[in-house]
Amino acid sequence: PGPVLAAGGARAVSPERDMFDDFLSDAVVGARKEAAAAASAELSSPVEVILPPEKGEGLKISACFQRSAEGQLALAMTLENLSAAPMMGFAIQFNKNAYGIANQGPLQVVTPFFPQAKCQCVLPLHTGAEKSAQRALQIAVKNTVGVYYFATQFPLYMAFTSTGAVTDRKEFVTLWKSLPEAQEHKFPVPVVRNCSTTLPEPLVTQLRAYHVTVVVQRPADTQLNFYCST
């Protein structure tokens, strides 16, 4: 799932237009506003059910990742007790993962957590824990009823920061050339129309909102090659 900056209503799309056309059209309207707010905007991933009640003995957990304007990562969770009994003694633990992500504090749930109750909490995260090759975030939640294990994917764009990009062209090219070819991957992206010489500013602004900086743009025949850093 992709990043979420704002919510909006659905609308019909003309056959002559594609999804990227609509994105650019919408982006043009708010480009200046987004450019000013990009560095200070809070970023959130889509909300997902990470623990369904049938696997949590009535405990349901919906969550999304958040990144504050200051760069603080967190897991925003909504817990629901869909069982017939109260729950107490909540705790959470992250398994070792490739990002070094772990909870920065305890899981704070008001107890007793009565049946049909709902609790919203924000769990601060840090990236200084011991790492492993595991890319999925494996999480365990415990209460007085039982221990529940589940996994979720961490959206990589949530880890990008405003200070991590290499913006100097010469430095970027040097780093690019130093990478082994085995680490180079190619994949198709949606076509951006009418940008054979330069990327539309609204697209650059949108990328900047996710701390992705366009460093170099090079026209090549009928296509445009552009290089980004984060």
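Modeller: A salt bridge is a side-chain nitrogen of Lys or Arg within 4 Å of a carboxyl oxygen of Asp or Glu. Arginine 208 forms such a bridge with glutamate 201, their closest N and O atoms lying 3.5 Å apart. The model is a predicted one, in which local features need pLDDT of at least 70 and side-chain atom pairs count only at pLDDT 80 or more, while totals for chains, interfaces and linings use all residues. Residues are numbered from 1 along each chain as its sequence is written, and side-chain values use heavy atoms, with hydrogens and water left out.

Colleague: How many salt bridges does the structure hold?

Modeller: Side chains of opposite charge can pair when their charged atoms come close. The structure holds three salt bridges. One of them joins glutamate 80 to lysine 60, with the closest N and O atoms 4.0 Å apart. This pair links distant parts of the chain, 20 residues apart: glutamate 80 is in strand β4 (residues 73–81) and lysine 60 in strand β3 (residues 59–67). Here helices (H or I, at least four residues) and strands (E, at least two) are DSSP runs, numbered from the N terminus.

Colleague: Is glutamate 80 buried or exposed?

Modeller: Buried means under 20% relative accessible area, exposed means over 50%, and partly exposed lies in between, for a 1.4 Å probe and protein chains only. Glutamate 80 counts as buried because its relative accessibility is 17%. Lysine 60, with a relative accessible area of 23%, is partly exposed.

Colleague: Which residue forms a salt bridge with glutamate 130?

Modeller: Glutamate 130 forms a salt bridge with lysine 96, and the closest N and O atoms are 3.3 Å apart. Glutamate 130 lies in the loop between β7 (118–126) and β8 (136–142), and lysine 96 in the loop between β5 (91–94) and β6 (102–103), so the pair ties together parts that are 34 residues apart in sequence. Glutamate 130 is exposed at 56% relative accessibility, whereas lysine 96 is partly exposed at 41%.

Colleague: In what order do the three strands of the open sheet stand?

Modeller: Two strands pair if DSSP finds at least two bridges between them. The three strands follow the order β5-β8-β9, with antiparallel pairing. The edge strands, β5 and β9 (147–153), each pair on one side only. From one strand to the next, the twist averages 25°; axes are lines fitted to C-alpha atoms, for helices over the stretch in contact, and angles run from 0 to 180 degrees between N-to-C directions.

Colleague: Over how many bridges do β5 and β8 pair?

Modeller: The antiparallel pairing of β5 and β8 runs over four bridges. Phenylalanine 94 stands opposite isoleucine 139 in β8.
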